[in-house]
Amino acid sequence: MSPSTERILHRTDIHLLPFLALLFLLNSVDRSNIGNAESAGFTKYAGLKPEDLNDAVAAFFIAFVALQPVGAALGKRVGVGRWVGSVMIGWGLLTCLTAFVRTRGQLITLRVCIGALEAGFYPATVFYLSLFYTRYEFAVRLGIFFGQYAVAGAFGGLVSYIVFSLFPSDDIASETSKDGGGWHSYQVLFICEGILTIVVAVITLLWLPTGPGTAWWLTLEERAFAEQRIATDRASDSSSAPEYTAVSSSSGDDDSDTENSPEYTPSSSASSRTPIRHRTSHPLLKGPTSSTTALKDSEPALTRADIFLAFTDTKVWYILLINILSSIPSTAFSIFLPLVLSGLGVSPLAANALTIPPFLCGAFTLWTITYYSDKARCRIPYILLGLVINVAGLFLALVLPESWITARYLSLCVLLAGSYVASPLTVAWLSGNIKAPGRRAVVLGINGWGNLAGVIAGWLFAPEYRPGYKVPLAVTLAAVFISAVGYMGLWVWVKRENKTGRPGVGRWRRWLWRKVGGRGEVREETAEWGL
C-alpha cells in the first residue's frame, strides 16, 4: 500500500466512517425504540392495545420497504448529504411526536411517516460509502457501519435504562423509589432520542461532501488520487466491456462517471492527474465556482439502462428472497428483545439493561467476520458462518426449558451474535460484483426490500405468544435454515457461471428493453463473479 493510499484511508476512516456510523446508529435507535418504550408500558399508558404496537411495527416496515428504491434514487440524485440530513430532521420530529400518541390511528400514521422518511437511508449511505473505498476495503467498513444496527440495540437499552431510572412510570417507580414528575418514562425516551437525531441531522448537512473529489479532509491532489483509485478498482478485474452500452447522449441519459467525464485525465500516477474543475467541499456552504461544477459532481448520474438491468436481473430477486429470510432475527430482536427478556421474569429496568450484552455480541461478531471476509476476499462462506451461528442460537433458545433462565439468556447472546452478518456481507457482495455505479445504487435499493423481514417480525412476535415466544422462535429458525440453503445454492450458481461464463442479456430482456422505449443496446458484463 503506497503512503498516499494509506493517508487517504486513514483520514477517511477518521472523518467519514465514524460519522456515517453515528447516523446509522441513530437511524436504528429511532426504528427500534418502540420496543424499549413498550417494556415501560407504552401501550398501557397511551390507552392502546398491545397488538397495536405490532401493527405499527408492520406498517412502519411496509412503508419503509415500499419506498426503498425511491429513497435510494432520490438520495443519489439530490446528494447523500442533503438527503440524509433533511430526512433525519423529519423523522426526529416525528419521533418526538410519538411521545404524545393517544390513539391507534395516530401511532400507525406516525410510524408510517417515519418509515417513509427512513426509506432509502441505508442503500443511499451504503452506495455513498462505496464511493470512497475499493471492493476489498469495503466489507470491513460496511461491517463497522452496519454493526451500528447491533450497537443501537445496546445503546437504546442503556439510554432506556437511564431514562426509565430517572423518570419512572408507576410500574418502574417501585424499583427506583422516584417520581417521574408527571412524565411517563417512554415519553421522555422518545423526546430525548428525537432531539438527538435532529441535532446530528443539522451537522450532517454541513459535514458530508458529495464524494471523494470534494472530501474536505483531503488535499486537492489526494482527492484526485482518491477518485482515480476507485475508478481503477472498478475496472481492475476485467478487460470486458461495460455492463451496458450507454444510450446516445442526445437521449439525455448522460452517465457522469468521473472516469468518463471531460475533466478526467488518466495517468499512471496521482500527481500527473490534475482535476480541471475546482470543487467545493461543502455545497451548502459555498456555491459552485463554475458551470462545469454545477453539471458534474462525484456521484455518477442514474440512467434508464441502470434501472432496467437492475430490475430484470434474476439474481437480484433470488438474493432478495434469501436476504429477507436471513434478516428476520436482526429486525425482530432489535425491537422485541426487551419484551423477550421480560418473559424470562426480569423487571422492565433489568430487561433493558440485559439487552446490552447480546447486542454487543452481535456487533463484535459482525466486525470480526467482515474483517476476515475482506482478508480472504470472499463473502458467501462468511455469510454461511454467520447463519450457522444464528441457527445454533435459535435452536438453543427454542429447546431449552423456560426455567433455565441463564442458559436461555446465553442462547440469546449466541443468536444475536450471528444475526447481523448476512445482510452487510450480501451488500458487499452485490457492491463488489456490480461495477456500474448507477445500477449498483438501484440494486442496493431493491436489496433494501429485505426489510420486509420487519413486516414478518411485527406480526410474528405477537402478544399472544408471550412470554416464551416459542412459535415465533420456531418460525424464525426455519426461515434462517432455508436462507442458509439458499446461500449455498447461490454459491453453487456463481461457481458454475464462473466455469461456463456469465450469461449475457437474453432475448426476453432485449425484447423488454425495446418495449419500454430503450435506445441502443444493453449488455451484461462478462467478468467472473467474486465469491
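The model is predicted, so local features need pLDDT of at least 70, side-chain atom pairs count only at pLDDT 80 or more, and totals for chains, interfaces and linings use all residues. Residues are numbered from 1 along each chain as its sequence is written, and side-chain values use heavy atoms, with hydrogens and water left out.

The chain holds 24 helices and zero strands. Helices (H or I, at least four residues) and strands (E, at least two) are DSSP runs, numbered from the N terminus. Of the 531 residues, 60% count as buried. Buried means under 20% relative accessible area, exposed means over 50%, and partly exposed lies in between (1.4 Å probe, protein chains only). A contact means heavy atoms within 4.5 Å. Among contacts in the chain with a separation of 6 or more, 81% come from residues 24 or more positions apart.

Two packed helices are described by the angle between their axes and the distance between the axes. Axes are lines fitted to C-alpha atoms, for helices over the stretch in contact, and angles run from 0 to 180 degrees between N-to-C directions. Angles under 35 degrees count as roughly parallel, over 145 as roughly antiparallel, 65 to 115 as roughly perpendicular and the rest as oblique. A crossing is left-handed if the near helix is turned anticlockwise from the far one by less than a right angle, and right-handed if clockwise. For contact residues, Ala, Val, Leu, Ile, Met, Phe, Trp, Tyr, Cys and Pro count as nonpolar, Asp, Glu, Lys and Arg as charged, and the others, Gly among them, as polar.

Helix 4 (residues 50-66) packs against helix 7 (residues 104-118) at an angle of about 30°, with the axes 7 Å apart. Helix 4 is therefore roughly parallel to helix 7. Their crossing is right-handed. Helix 4 contributes D52, L53, D55, A56, A59, F60, A63 and F64 to the contact, and helix 7 contributes R104, L107, I108, R111, V112, I114, G115, A116 and E118. These residues divide into eleven nonpolar, one polar and five charged. Q106 also lies in helix 7. At a relative accessible area of 38%, Q106 is partly exposed. Leaving out residues up to four places away in sequence, Q106 touches F100 and V101.

T43 belongs to helix 3 (residues 42-45). T43 is buried, at 3% relative accessibility. With residues up to four places away in sequence not counted, T43 touches E38, L48, K49, P50 and L53.

The axes of helix 15 (residues 314-342) and helix 22 (residues 452-460) come within 8 Å and cross at roughly 55°. Helix 15 is therefore oblique to helix 22. The crossing is right-handed. On helix 15 the contact involves I324, S327, I328, T331, A332 and F336; on helix 22 it involves L452, A453, G454, I456, A457 and G458. Eight of the contact residues are nonpolar, four are polar and none is charged.

Rings of Phe, Tyr and Trp (its six-membered ring) pair if their centres lie within 6.5 Å; planes under 30 degrees apart count as stacked, over 60 as edge-to-face and the rest as tilted. The count comes to 32 aromatic pairs. F333 and F461 form an edge-to-face pair, with ring centres 5.6 Å apart and planes at 75°. This pair links distant parts of the chain, 128 residues apart: F333 is in helix 15, and F461 is in the loop between helix 22 and helix 23 (470-500). F333 is buried, at 0% relative accessible area. F461 is buried too, at 1%. F364 and W367 also pair edge-to-face, with centres 5.4 Å apart and planes at 85°. Both lie in helix 17 (residues 356-376), three residues apart, about one turn of the helix. W367 is partly exposed, at 24%. Ring pairs also join F24, W91, F121, Y122, F145, F146, Y149 and Y420 into a cluster.

Most residues other than glycine have a negative phi, and most peptide bonds are trans. R466 and P467 are joined by a cis peptide bond, with omega about 0°. P467 lies in the loop between helix 22 and helix 23. Y469 lies in the loop between helix 22 and helix 23. Y469 has a positive phi of about 55° although it is not a glycine. It is buried, at 1% relative accessibility. R377 has a positive phi near 55°. R377 sits in the loop between helix 17 and helix 18 (380-399). R377 is exposed, at 53% relative accessibility.
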